[in-house]
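Please look over the model below with attention to its ligand site, its salt bridges and its backbone. The report that accompanies it takes these topics in turn.

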Amino acid sequence: MSERITIKSAHQHEAMKRAGELTGRTLNYIGTLVRAGVTTKELDEAAEEFIRSHGGVPSFLNYEGYPASICTSVNEQIVHGIPSKKVVLREGDIISVDCGAIIDGFHGDAARTFFVGEVSEEVRRLVRVTEECFFLGFEQAQPGNHIADISRVIQQHAEENGYGVVRELVGHGIGSNMHEAPEVPNYLNRRFGRGTKLVPGMAIAVEPMITLGERYISVWDDGWTCVTADGKPAAHYENTIFITENGPELLTLVKDEPADDEDRAYAEQHSGEE
Ligand code: MF3
Ligand code: CO
């Protein structure tokens, strides 16, 4: 974590938009591959290939020794699940995919929780509320507001719905490093106060990690995989947000457009690979 809060120039803002768009498009693409029978390793390989073939570099690969280009966290895994040939998705699972790409030295960072086929209503609701938590936080990312304004609405919405808010992991500033100051917790604590004041040119990754049961976590012996202590499902949803004079901008959420010629050529070239 870089301790500095960085304010990006207009030129750097443009690079962050490109990195963010590629990160969002990669997640959209991975979403189309999620189904029963696919391994998380296949998703990782597809993500790496997609990022590189679109002019980016996967930022997670080798980050503090992390061995893959995405994190794939299934069911009770909260975040940082490591893709594996041995993890085969099954009908009814949820899978959180966290992805980062670098373009021109700047980072995008985002995560989605996808459904594998039909998922129980209880778990679909968890995923929906987690996304709602993000968007409530996003609306608070106005210049002049403080980090705690984001934390407050996320915690309130999750807890009102009876869910747990993970505390051991938090959102973060982002720029030419994936993790920069300030931290963006998904809960309030008197220790944090109001936190950093948001000003135009800042970029932050807001990433609620919400549990169906208790909020407590444990970490597997692999040193990465964070799971709920009670074994109940968790959801994760994240986007990179740029603070502008006119309010917050979503850099990593890309609408699925009808495929253009380039997309069709890409799909053609990669069909039958997974
Ligand atoms: N993207 C994660 C985050 O939101 C970090 C992934 S850690 C890595 O902060 F090691 F997998 F890269
Ligand atoms: Co992040």
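The sections below describe this predicted model, beginning with the ligand.

## The shell around ligand 1

Ligand 1 is surrounded by 13 residues, and the closest of them are Phe-60, Asp-98, Asp-109, His-179 and Glu-207. Sorted by residue class, the shell holds six nonpolar, three polar and four charged residues. The space that ligand 1 takes up is the second largest pocket.

For Asp-98, a polar side-chain atom is placed 3.1 Å from a nitrogen atom of ligand 1, whereas for Glu-207 a polar side-chain atom is 2.8 Å from an oxygen atom of the ligand. Glu-238 likewise has a polar side-chain atom 3.2 Å from an oxygen atom of ligand 1. On its own, ligand 1 has 330 Å² of accessible area, and the protein covers 96% of this.

Asp-98 and Glu-207, which make two of these polar contacts, are also listed among the closest residues of the shell.

## Salt bridges

The count of salt bridges in the model comes to eight. One salt bridge joins the side chains of Lys-8 and Glu-180, with a nitrogen-to-oxygen distance of 3.8 Å. Because Lys-8 belongs to the segment before helix 1 (10-33) while Glu-180 belongs to strand 8 (residues 180-184), this pair ties together parts of the protein that are 172 residues apart in sequence.

## Backbone features

Strand 8, which contains Glu-180, also contains Pro-182. The peptide bond leading from Ala-181 to Pro-182 is cis, and its omega is near 0°.

Asn-62 is located in the loop that runs between strand 1 (57-58) and strand 2 (70-74).

Technical notes. Residues are numbered from 1 along each chain as its sequence is written. Chains are lettered from A and ligands numbered from 1 in the order in which they are written. This is a predicted model: local features need pLDDT of at least 70, side-chain atom pairs count only at pLDDT 80 or more; totals for chains, interfaces and linings use all residues. Side-chain values use heavy atoms; hydrogens and water are left out. A residue is near a molecule or strand if one of its heavy atoms lies within 4 Å of it. A polar contact is a pair of N or O atoms within 3.5 Å; within protein, one must be able to donate a hydrogen and the other to accept it, and residues adjacent in sequence count only if both atoms are side-chain atoms. Accessible areas come from the Shrake-Rupley method with a 1.4 Å probe; for residues, only the protein chains shown count as cover. On a 1 Å grid over the protein atoms alone, a cavity is a set of points where a 1.4 Å probe fits but cannot get out, and a pocket is an open set with protein on both sides within 12 Å along at least five of seven lines; lining residues have an atom within 4 Å of a point. A molecule sits in a cavity or pocket if more than half of its atoms lie within 2 Å of its grid points. Ala, Val, Leu, Ile, Met, Phe, Trp, Tyr, Cys and Pro count as nonpolar, Asp, Glu, Lys and Arg as charged, and the others, Gly among them, as polar. A salt bridge is a side-chain nitrogen of Lys or Arg within 4 Å of a carboxyl oxygen of Asp or Glu. Helices (H or I, at least four residues) and strands (E, at least two) are DSSP runs, numbered from the N terminus.
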